[in-house]
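User: I would like to go through this structure and hear the grounds for each label. Please set each value against its cut-off.

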Amino acid sequence: EFLEGIFRTHSRAQSDPLRARQRTAKELLHAGAQRITGALRDAPRARLRVLKTLADMHIDIGDFDRAEKLLGQRAEAVKIEAGRSSAAHVEALAEWAELLVTAQQPVKAREILTRASECLAAMPVLNLDARFALDLAYGELYRYSRDARGLFHAERALEQAMRQRASSARILQALLQLGTQQGLNGKYEEARATLKRAIDHSAAVPEGEARLPFIHEEAALLDERLGDAAGAKAHLRPALAIESRLSEEGSVQAESLLRQLARFQHDAGEVHAAIESYARARACVERWPEGPDRAAELCLLDLLEGRAWRDYGHVEKAQAFFAGLDEANGAAGVDPRLFVLLLFSRCGLALDLGRFDESALELDRAQSAMEANGLDGADLRFVLAQTAVGLALACGDVNAARGCIERYLSVHGGNSSQPWILALTAEIALLEGDL
């Protein structure tokens with residue numbers, strides 16, 4: 001009856017039969033999502049299965065908003081059917097949270113994971129499958145937010161994945177999470193080995209190729225932290241080739257890879273090539289439907305391209321990008337992390353123009369915004385330290401520069417072997433006349 005109700009919306013019996021017969025598969029899926037809210041109450045197990053199927057199909061077409069609402073309904077239905085502290089409920093909450101991360105809703109995902117953790121803790125006997133699902137969901141949240149506190153979850157998830165011979169997709173997910181966490185925690189050689197293992201495993205299993213762009217992207221970020229720009233670009237190029245073959249033009253992952261490639265080109269001094277790559281990334285985003293995700297990504301590209309134009313010597317063009325972003329933040333509430341990156345960029349621009357007081361003000365604003373929004377990711381701490389040292393050196397304050405480096409190493413978990421720290425330490429020694 002449930003399926004009949006959906007497909008009769010596609011029949012000649014409707015008030016507008018021509019319109020009904022022209023409905024797309026996507027529209028029928030949306031009709032199913034609307035109808036399931038109050039349907040199948042007398043058949044709870046069938047309802048759970050239909051909710052899962054509809055959610056998966058919405059994920060396949062990239063409609064994460066509807067999919068997460070369906071998984072939220074499913075988690076509530078599982079709680080009624082199996083109990084709050086059941087393994088099934090914890091797993092349903094974990095699946096919902098993972099999708100929320102994919103849909104770029106990390107705050108809501110964290111709330112759901114907190115609920116799931118409470119349910120797991122209330123179990124009379126620990127269920128390892130439920131804990132495994134929860135560890136992987138936490139791993140996705142920490143990977144998305146570049147938060148180094150997820151190492152324990154990642155290590156435990158991979159250990160259990162190998163012990164219980166989990167699916168190849170889950171093993172690859174666990175390897176990627178562990179490699180990410182090892183890199184964020186400064187365990188660079190271990191991270192390289194783990195990501196190499198993930199790449200090798202992807203090549204050995206049929207479903208592995210779909211994960212390769214994500215693994216290559218993480219390996220590229222690791223190479224960037226190690227100062228290996230050539231290695232980073234070497235990972236991104238095959239990732240882009242795979243993504244363009246497997247996905248439709250303008251995919252989210254393709255845009256992400258192009259954006260990373262542009263950043264690496266920029267850092268390697270290939271600024272003109274970086275601007276061209278940003279243009280390709282922008283072309284991807286402009287194919288996305290109107291909405292907050294599209295607007296936020298265009299703002300991010302404006303920020304990054306503004307930085308590239310600044311380094312290309314077009315200060316006025318860079319100022320125009322940054323001014324527009326500042327207005328967008330005030331008018332539409334740009335993501336706090338993006339606004340912090342904007343403030344760092346404006347700090348650098350003021351530094352270029354010799355406006356040291358203005359630069360120091362923007363740096364203070366960036367640090368205050370990080371604290372106010374609870375932004376403590378390793379990448380932002382890295383940018384904060386670099387910017388603070390650069391400002392101190394530009395002002396000729398060698399002691400302040402040394403203090404910034406020492407604070408980054410002792411308080412923020414920095415690694416003294418990072419190339420930028422070695423370079424700046426050498427610059428400080430040069431200023432002190434210690435050849």
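Analyst: A helix here is a DSSP run of H or I with at least four residues, and helices are numbered from the N terminus. The model is predicted. With that rule, α8 is followed by Arg 146, whose phi is positive, near 55°.

User: Is Arg 146 buried or exposed, and how do you know?

Analyst: Buried means under 20% relative accessible area. Arg 146 has 13%, so it is buried. Arg 165 also has a positive phi near 55° without being glycine, and its place is in the loop between α9 and α10. Exposed means over 50%; at 77% relative accessibility, Arg 165 therefore counts as exposed.

User: Why is α8 called largely enclosed?

Analyst: Of its 18 residues, 14 are buried, so the rest of the structure largely encloses α8. From first C-alpha to last, α8 reaches 26 Å, close to the 26 Å expected at 1.5 Å a residue.

User: What makes Asn 127 a cap of α8?

Analyst: A side-chain oxygen of Asn 127 lies 3.0 Å from the backbone nitrogen of Asp 129, at the N-terminal end of α8. A polar contact needs an N or O pair within 3.5 Å, and the 3.0 Å of Asn 127 falls within that limit.

User: How many aromatic pairs are there, and how is such a pair classified?

Analyst: The count comes to one. The ring centres of Tyr 138 and Tyr 142 are 6.1 Å apart and their planes stand at 20°, so the pair is stacked. The cut-offs are 6.5 Å for the centres and under 30 degrees for stacking. Both residues belong to helix α8 (residues 128-145), where being four residues apart separates them by about one helical turn. Tyr 138, at 11% relative accessibility, counts as buried, and Tyr 142 is buried with a relative accessible area of 9%.

User: What makes the place of Lys 317 count as over the ring of Trp 309?

Analyst: The charged end of Lys 317 is 4.1 Å from the ring centre of Trp 309. The rule asks for a distance within 6 Å and a position within 35 degrees of the ring normal.

User: How many salt bridges does a search find, and why is the pair of Arg 170 and Glu 98 called one?

Analyst: The whole structure has 28 salt bridges. The limit from nitrogen to carboxyl oxygen is 4 Å. For Arg 170 and Glu 98, the closest N and O atoms are 3.3 Å apart. This pair links distant parts of the chain, with Arg 170 in helix α10 (residues 168-184) and Glu 98 in helix α6 (residues 87-102), 72 residues apart. Arg 170 is partly exposed at 28%, whereas Glu 98 is buried at 17%.

User: Which parts does the salt bridge of Glu 362 and Arg 346 tie together?

Analyst: The closest N and O atoms of Glu 362 and Arg 346 are 3.4 Å apart. Glu 362 lies in helix α19 (residues 356-372) and Arg 346 in helix α18 (residues 336-352), so the bridge ties together parts that are 16 residues apart in sequence. Glu 362 counts as buried at 5%, and Arg 346 as partly exposed at 22%.

User: How do you know that the buried residues of α21 lie on one side?

Analyst: Val 398, Ala 401, Cys 404, Ile 405 and Tyr 408 are buried in α21. They cover an arc of only 125° around the axis, which puts them on the same side of α21. Asn 399, Glu 406 and Ser 410 are exposed on the other side.

Definitions and conventions. Residues are numbered from 1 along each chain as its sequence is written. This is a predicted model: local features need pLDDT of at least 70, side-chain atom pairs count only at pLDDT 80 or more; totals for chains, interfaces and linings use all residues. Side-chain values use heavy atoms; hydrogens and water are left out. Buried means under 20% relative accessible area, exposed over 50%, partly exposed in between (1.4 Å probe, protein chains only). Helices (H or I, at least four residues) and strands (E, at least two) are DSSP runs, numbered from the N terminus. The arc is that of the directions from the helix axis to the C-beta atoms. A salt bridge is a side-chain nitrogen of Lys or Arg within 4 Å of a carboxyl oxygen of Asp or Glu. Rings of Phe, Tyr and Trp (its six-membered ring) pair if their centres lie within 6.5 Å; planes under 30 degrees apart count as stacked, over 60 as edge-to-face and the rest as tilted. The expected span of a helix is 1.5 Å times one less than its number of residues. A polar contact is a pair of N or O atoms within 3.5 Å; within protein, one must be able to donate a hydrogen and the other to accept it, and residues adjacent in sequence count only if both atoms are side-chain atoms.
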